[in-house]
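Subject: A structure for you to look at

Hello,

Here is the structure I promised to pass on to you. Please open it beside this email and look up each residue as you read.

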Amino acid sequence: MYRRIALLHLHPQASPDEIAVLERELGDIVNRVPGLAHAHLGRHYPNTVGGGEYTWDLAFIDREHCVAWPDQLRVSEQVDLFAKLVARTDAVQFAATNTHVAQPAITDFIKRTLFLEVERSTPPAEAQNFDRVLTGMPRYIPAIRNWAYHRVDDDAIIGPRRWTHVWEQEFQELSGLRVDYMVTPYHWGYVDTWFDPESPHRVVASGVAHVYCAAATTILGW
Amino acid sequence: MPIQLIYELAVPPTRLDEVHALFANDYLPAARERGMTFTGAYITPPIELDDAPTTLVLQFTLPDANAVWAMKRQVTDSAEVAEFWRRVDGIVVSRQRRFLAPYAPAEA
């Protein structure tokens with residue numbers, strides 16, 4: 001699969017009726033875009049950070065079918081809808097080559113998405129060490145049932161930020177993210193030193209997009 | 001069990017007092033407001049060297065993981081904290097920031 005993830009920030013004045021139209025339109029896109037195999041629109045829980053109101057997960061059968069973002073909106077006849085209701089879009093895309101699905105039958109769960117930007121001046125060995133440490137989290141946090149970590153395609157980023165990576169998890173319970181994920185020393189005492197501005201070996205630029213939503217069936221298992 | 005947090009600053013000869021004063025005046029008061037309990041300053045080797053850096057170890061505790069995250073959230077966009085570390089980095093040879101946990105061998 002070749003995936004695109006879009007984080008959508010709505011205009012504050014969008015009405016409930018308009019939002020309902022948006023949700024229906026974006027959820028109903030699979031048959032309107034050639035080569036689009038899967039789509040999921042998730043409304044964010046409260047207290048997410050930096051990613052607006054929705055995560056829109058899309059999976060194409062291959063890279064060639066993942067047309068440029070403006071063309072996707074045009075083909076799906078959603079240009080006017082976005083112009084009216086969406087104030088900002090952050091979108092990234094990548095070949096889904098680093099996905100680990102131990103629980104493909106997971107249902108009614110929490111999908112968490114993190115967009116981050118590793119400073120491009122980071123030496124390659126240091127960046128690889130960061131990758132290794134970050135993707136070690138599932139070994140220490142059993143609540144992470146499925147996970148994926150990808151370097152995004154630099155030439156297809158939409159939005160004001162130069163994101164470099166997407167880190168995703170699927171948790172059965174909300175407490176898996178809000179408690180297990182946050183209280184483990186592996187996270188606050190080790191992984192976060194690569195994000196912490198007070199840490200001398202920080203590599204992640206400030207301002208991540210940390211968002212999560214409900215989902216009925218696995219997205220990472222597409 | 002309180003969480004231990006230590007800073008290790010490798011300070012060039014003659015500049016220990018300067019770095020400690022910078023820390024005491026420009027970092028410690030706000031750190032306390034962020035929930036960090038200062039438990040002491042140490043040097044290693046246990047005597048100030050005149051021909052090599054001496055490491056100044058600054059030790060804090062925090063009550064739990066939630067306190068750690070609360071502390072981090074207050075620092076994220078702090079220009080004052082960024083400026084403090086910029087000034088420190090202009091003096092020290094290197095620095096580390098480490099969280100510690102008690103260790104006890106598993107019972108047989």
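Below are my notes on chain A, on one helix of chain B, on an arginine and on the cysteines.

Please keep in mind that this is a predicted model.

Let's begin with chain A as a whole. Its secondary structure is made up of seven helices and nine strands. The radius of gyration is 17 Å, close to the 17 Å that the globule rule gives for 222 residues, so chain A is as compact as a globular protein of that length. Along the principal axes, its C-alpha trace spans about 45 × 35 × 35 Å. Of the 222 residues in this chain, 52% count as buried. The accessible surface of chain A is about 9600 Å², and carbon and sulfur atoms account for 52% of that surface. If you take the contacts in chain A between residues at least 6 apart in sequence, 79% of them join residues at least 24 apart.

Now turn to chain B and find helix α1, residues 16-26. Which of its residues are buried? They are B:Leu16, B:Val19, B:Leu22 and B:Phe23. Looking down the axis of α1(B), you will see these buried residues fall within an arc of 135 degrees, so they line one face of the helix. They pack against β1 (3-11), α2 (28-33), β2 (37-44), β3 (54-62) and α4 (79-89) of chain B. On the face turned away from the buried side, α1(B) carries the exposed residues B:Asp17 and B:Asn25.

Next, have a look at B:Arg97, which is in strand β4 (residues 94-100) of chain B. Is this arginine buried or exposed? B:Arg97 counts as buried, at 6% relative accessibility. Its side chain makes a polar contact of 2.7 Å with the side chain of A:Asp196, and another polar contact, of 3.1 Å, joins it to the side chain of B:Tyr7. Leaving aside neighbours within four places in sequence, the residues in contact with B:Arg97 include A:Glu198 and A:Pro200 from chain A, and B:Leu5, B:Met71 and B:Lys72 from chain B.

Finally, the cysteines. How many disulfides are there over all chains? The count comes to zero. The sulfur of A:Cys66 has its closest cysteine sulfur in A:Cys213, 19 Å away, which is too far for a bond. A:Cys66 is buried, with a relative accessible area of 3%, and A:Cys213 is buried too, at 0%.

Enjoy exploring, and send me your questions!

Best wishes

Methods:
Residues are numbered from 1 along each chain as its sequence is written. Chains are lettered from A and ligands numbered from 1 in the order in which they are written. This is a predicted model: local features need pLDDT of at least 70, side-chain atom pairs count only at pLDDT 80 or more; totals for chains, interfaces and linings use all residues. Side-chain values use heavy atoms; hydrogens and water are left out. Buried means under 20% relative accessible area, exposed over 50%, partly exposed in between (1.4 Å probe, protein chains only). Helices (H or I, at least four residues) and strands (E, at least two) are DSSP runs, numbered from the N terminus. The arc is that of the directions from the helix axis to the C-beta atoms. Contact means heavy atoms within 4.5 Å. A disulfide is a pair of cysteine sulfur atoms within 2.5 Å. The radius of gyration is taken over C-alpha atoms; the globule rule is 2.2 Å times the number of residues to the power 0.38. Accessible areas come from the Shrake-Rupley method with a 1.4 Å probe; for residues, only the protein chains shown count as cover. A polar contact is a pair of N or O atoms within 3.5 Å; within protein, one must be able to donate a hydrogen and the other to accept it, and residues adjacent in sequence count only if both atoms are side-chain atoms.
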